[in-house]
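Please work through the exercises below with the sequence and the coordinates open beside you. Each task is followed by a solution that goes step by step.

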Amino acid sequence: MEIKQSAAGKWSHGKTMPVKNVQALAANAADLTEEDIKRYIRPARADDVAVAAHGDDSSQSIPVIDLGRLLDSQSYQLEAARLKSACEEWGFFQVKNHGIPDTVLENMRNDLEHFFRLPLDEKNRFGQLPGDLQGYGQAFVESENQTLDWCDRLYLVTQPPHDREMRPWPTTPVSFRESTESYSSELMRVTGSLMAIIARNLDVDLPRDTYVSQALRMTYYPACPVAHDKVLGISPHSDISMLTLVWELNLVEGLQIKRQDAWVPVKPHPKALVVNVGDFLEILTNGKYQSIEHRVAVNPHKERMSISAFHLPKLDMSVGPLSEIVGGGLKKYKTLRVDEVAKVVFSSKLDGKKTKDYAMLSV
């Protein structure tokens with residue numbers, strides 16, 4: 001298998017320009033005009049077709065996987081087959097019965113809501129520094145003419161512990177760091193369980209180094225009462241990760257995935273996390289599992305909060321298609337160091353490409 005250790009590497013988080021705080025801008029909702037938010041309004045695109053809210057139409061609903069059944073020997077085989085189908089056919093699924101204690105979730109939710117309610121000056125104490133995406137602010141803002149996302153983010157590297165830079169970790173509320181540590185650890189457990197079963201489904205050996213790194217993106221999307229159909233919370237993208245786990249804290253719909261040339265909304269599940277195949281898992285499987293493009297729509301009346309947890313290989317590893325999967329076929333991707341891929345992707349994240357579309361990856 002083509003996962004190998006090389007010289008020590010360091011994660012490159014790219015750079016971003018400071019821009020106006022979206023939450024502060026949205027605070028004057030009654031007086032907002034399209035002129036006020038012109039940097040957030042996107043030109044219409046021919047492929048920008050959204051599927052209407054699907055209600056009970058299960059054909060447009062991403063699969064729901066039961067982790068408890070996956071960990072039960074009596075129900076494993078059937079549920080593992082459902083997971084395999086979800087990875088191959090959707091690239092997205094929701095996982096319920098994940099085992100994260102309610103107290104861990106409640107503490108994380110309360111502390112994050114508290115943080116986003118703080119005065120802007122207080123939040124900015126944990127703001128991004130030049131040349132680093134960690135901290136509070138925006139991301140991948142590279143020009144004055146760039147169309148912006150309607151959100152504010154707190155981005156933290158959380159795993160492994162020795163990679164943490166604690167300056168951007170909020171100390172208000174006082175329990176924030178402890179809550180984040182507990183939540184991060186639980187996500188690593190869930191990810192480990194899912195990756196073990198994914199490896200078993202693929203009949204390959206995936207060492208823990210393939211998902212040992214974790215970063216959390218905690219995002220606040222204010223309501224957008226003006227031109228909300230022309231504004232996005234997050235632009236279309238795929239995730240440079242192995243697996244991404246998303247918790248939609250207040251159950252406000254917004255996440256949409258690209259499927260059959262249309263944007264399909266993901267209905268939040270009150271007891272589940274959303275999981276998606278990342279770019280590195282697509283590369284490892286030589287395209288057998290697809291990393292799907294997705295975006296976030298905004299709500300004209302309700303705020304939305306989410307936490308996305310990106311799980312990645314060890315950053316000084318080289319990753320390429322697994323020989324066990326390629327067999328006698330053709331490799332679709334090169335074998336490259338993780339930090340080399342990250343550097344290229346983060347340096348031009350907003351050029352409209354999925355990670356797998358970059359010429360440096362294709363064979």
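Residues are numbered from 1 along each chain as its sequence is written, and side-chain values use heavy atoms, with hydrogens and water left out.

**Exercise 1. Confidence and overall content**

Task: state what pLDDT the protein averages, and where pLDDT stays under 50.

Solution. Begin with pLDDT, the predictor's confidence in each residue, from 0 to 100; the protein averages 88, and 87% of the residues score at least 70. Next, locate the stretch where pLDDT stays under 50, which is residues 1-13. Where pLDDT is low, the predicted coordinates should not be read in detail. Finally, note that the protein holds nine helices and 15 strands, taken as DSSP runs numbered from the N terminus (helices H or I, at least four residues; strands E, at least two).

**Exercise 2. Helix α6 and its partners**

Task: determine how the axes of α4 and α6 cross, and how those of α3 and α6 do.

Solution. Two packed helices are described by the angle between their axes and the distance between the axes. The axes are lines fitted to C-alpha atoms, for helices over the stretch in contact, with angles from 0 to 180 degrees between N-to-C directions. For helix α4 (residues 102-117) and α6, the axes come within 9 Å and cross at roughly 135 degrees. The two helices are therefore oblique to each other, given that angles under 35 degrees count as roughly parallel, over 145 as roughly antiparallel, 65 to 115 as roughly perpendicular and the rest as oblique. Residues of α4 including Leu105, Met108 and Phe115 take part in the contact with α6, where Phe176 and Tyr183 are among the partners.

For helix α3 (residues 76-89) and α6, the axes come within 10 Å and cross at roughly 85 degrees, which means that α3 is roughly perpendicular to α6. On the α3 side the contact involves Tyr76, Ala80, Leu83, Lys84 and Cys87, and on the α6 side Ile197, Ile198, Arg200 and Asn201.

**Exercise 3. Ser184**

Task: decide whether Ser184 is buried or exposed, and find which residues Ser184 is in contact with.

Solution. Ser184 lies in helix α6 (residues 176-202). Its relative accessible area is 0%, so Ser184 is buried, where buried means under 20%, exposed over 50% and partly exposed in between (1.4 Å probe, protein chains only). Leaving aside neighbours within four places in sequence, Ser184 is in contact (heavy atoms within 4.5 Å) with Thr158, Gln159 and Gln214.

**Exercise 4. Backbone exceptions**

Solution. Most residues other than glycine have a negative phi, and most peptide bonds are trans.

Methods: This is a predicted model: local features need pLDDT of at least 70, side-chain atom pairs count only at pLDDT 80 or more; totals for chains, interfaces and linings use all residues.
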